Amino acid sequence: MLSALRLNGVLAGPRWPTSPACLHTSALLLAPVQRKGRRNGSKFSSSPKTRLAKSLKPTGKAKRLGTLEVAPRSRPSFARDKAPHEGRVPQERIPSRGRRNSEPPAPAKAVIAQQKHFAAMAHSERVERRTTAARERRGSATSPLEEEFDLSPSTSIGGLPKSFASPPLLPGLLQCLRELIGANAKPTAIQALSLKHLFKGRVSEAEWTECLLASETGSGKSIAYLLPLLQDLKRRESGDIRLIGSSRKPSSKPLNPRALVLAPTHELSRQLAGFAKKLSHVIKLRVMCASRANNPSIAKEKGTASKMKRLMETLDTGGGGEIIIPGGGRSSRPVDLLVGTPMKLLELERGRGWNWEQRARERALRINSENRLEQDAADTVDLGRKFWVDEPQMGLESVEWVVVDEADVLFDPDFQEATRTLLADIAAARGRPVPLTPLTALASAGTEETTPQISYPFNFLLTSATIPTSLSNYLSAHHPTLTRLASPRLHHLPRALVTEHASWTGGNKDADIERRIRRVWAEDALVHAKTALGGSGPVKLSKIIVFCNKRRKVEELGGFLDSRGIKCVALTGSAESRQLGSNHHLDGFLRQNSSPSPASRPAPAASSSDSAVTPHVLVTTSLLSRGLDFSPDIKHVFIVDEPRNMIDFLHRAGRTGRAGETGKVVIFGRSKGRGSGRTLDMRKRIGAVAA
């Protein structure tokens, strides 16, 4: 009875919304969940290494020590046609007697013209005020690139050379240059800036050059830094220039280069080395590429089985994990310019396998983290198999020029350690060591007093088509005296490049890409049929580069195109063809500088125009989007995956439309449904870049 009364009292009590002690289950199920993420109207925060710098103007200490010069914008020149009435005397109009002369006298005409002029000025001022007010009301919605690009006008210094003969170029160097690019070729904006600033003679070793060359893709930055480098090396070799205080002797190692060019990939290193050889053919400088194909084939001195047995016994008895292989039998090879990746050059300088312990320890830490072990226990973990350590082959005492090509990549956190370690080794070998600050300390450095200023004892050049905010801040903090040379179209696409957006059909994306490829070739066949020689020979098909974000996507798309009768080259970082030490896996895609003129070029063979026999499509990742100069036959670039940032897009799109050639970039995306918002935002950003 008592329990029944209690139950009745509970049922007769107040309802659950007014009782704080009672909780309804539906309140948990139907309450809106607060998701973590950005707020309405906010934008994603991008990393400084993927965000383009707003301005190249020096900041901090570099504001008063560094300099910036931007080439003036070139305007198209045109000549007016001759007027049909040129040379005739104007005749006065005599008014008729029957009509009343309603024209005002001459003074009244001048007053009316002046009034119209002031009215036009007032109208333009009103339009400008309205535009400014609307821009202030919209705020950051004026341009989709305000957070990444500096849209303010830049002042430039005039007096740039208009031909390659303006500075005192060596006759042999000028001859090779004209053979490569043509006798009537004019310097681009970045090349003109290089001719103005980088051909100044040095008197002593204290006058080293620090310079940044920033220009859009396909503008000839390689010529901009190779010309002053090769000319200075030749003049020093012939004795025209003698520096005060240069009594340094080269080392006894096999290689003693006088200049280094650093590149992010082996493909770019080989192409740059080949171009430098052709440019220095007449002046006779020795250029070498530090790829796998350049390893000496000379056998190790006295590599007998008995010595090998003693070395292995030393390892087994705990004599250490390193085996120094003597290299006394290797002959010395004089080298003026050496081109390679930072890690390859470190192997030559410190010996192959110099960092085996560090790599093995990182591998052990990775295994421990996967097994959820303590990082302190990594010292007790077996580092795996032992590594052979070769003897160093390269001395750095004679290095006077260091060029960092694609500086935005080599000073990225993934490559910065190897790049800065090599630069520090060169400075130490030349007798003036510089502090090698760890990456964590670089990120936390804030004030000008605590930031170490780095001054290398050699000519230090950097070049890139994109300047991220992280690189700009690093140069302003550690290289305040750096001279920054930029073209007026930096962070923009070339003018001859056309952008086009293609929508997915909603089915198989690989099939959409195949249809687009065949559409391009159908247009080539139509153009061939309309020419005067139509039908007299095979159709010359355009070559296409397809960029993907992931290695798995490259392999899948390459297999699909092969199954559909389109022979292609699918290249990733781990492809076996990259291990051969040459660029033959890219034959037909890279530019050949020694190719004959278009008039004397033979007609394409039938087999070379067959897409099922000769590869006409290159499928790759961002591996081949940096610095490589592709053939003018590549008229189309397909971007099938959304670029991670605008830096990746600029480099991928810049593989076509180079050196004034025409090209088209096709960007695939969703026009409706899920994901169409990101596609629309990317389209706005691409439109601002192409402007």
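Guide: Two strands count as paired if DSSP finds at least two bridges between them. The model here is predicted.

Visitor: What makes strand 12 and strand 14 a pair?

Guide: At least two bridges are needed, and strand 12 (residues 543–547) has four with strand 14, in the parallel sense; therefore they pair. In one of the bridges, V546 is the partner of V619 in strand 14.

Visitor: How do you know that strand 13 pairs with strand 14?

Guide: By the count of bridges again: strand 13 (residues 568–571) and strand 14 are joined by four, also in the parallel sense, against a requirement of at least two. Here A570 is the residue opposite V619.

Visitor: Which way do the residues of strand 14 point?

Guide: V617 and V619 point one way, L618 and T620 the other, and all are buried. In a regular strand, side chains alternate between the two faces of the sheet.

Visitor: Why is C211 called buried?

Guide: Buried means under 20% relative accessible area. C211 has 1%, so the term applies. C289, at 7%, is under the cut-off too, and is therefore buried.

Visitor: How many disulfides are there?

Guide: A disulfide needs two cysteine sulfur atoms within 2.5 Å, and by that rule the count is zero.

Visitor: What makes up the lining of the second largest pocket?

Guide: It has 42 residues, with P264, T265, V409, D414 and F415 nearest the pocket's centre. Helix 10 gives the most, five residues. By class, the lining has 13 nonpolar, 13 polar and 16 charged residues. The pocket's volume is about 1300 Å³.

Conventions
Residues numbered from 1 in each chain as written. Predicted model: local features only at pLDDT ≥ 70, side-chain atom pairs only at ≥ 80, totals over all residues. Heavy atoms only, no water. Buried < 20%, exposed > 50% of the residue type's maximum accessible area, 1.4 Å probe, protein only. Helix = DSSP H or I, 4+ residues; strand = E, 2+ residues; numbered from the N terminus. 1 Å grid on protein atoms, 1.4 Å probe; cavity = no way out; pocket = protein on both sides within 12 Å on 5 of 7 lines; lining within 4 Å. Points joined across faces, edges and corners; volume = space filled by probe spheres on them. Nonpolar A, V, L, I, M, F, W, Y, C, P; charged D, E, K, R; others polar.
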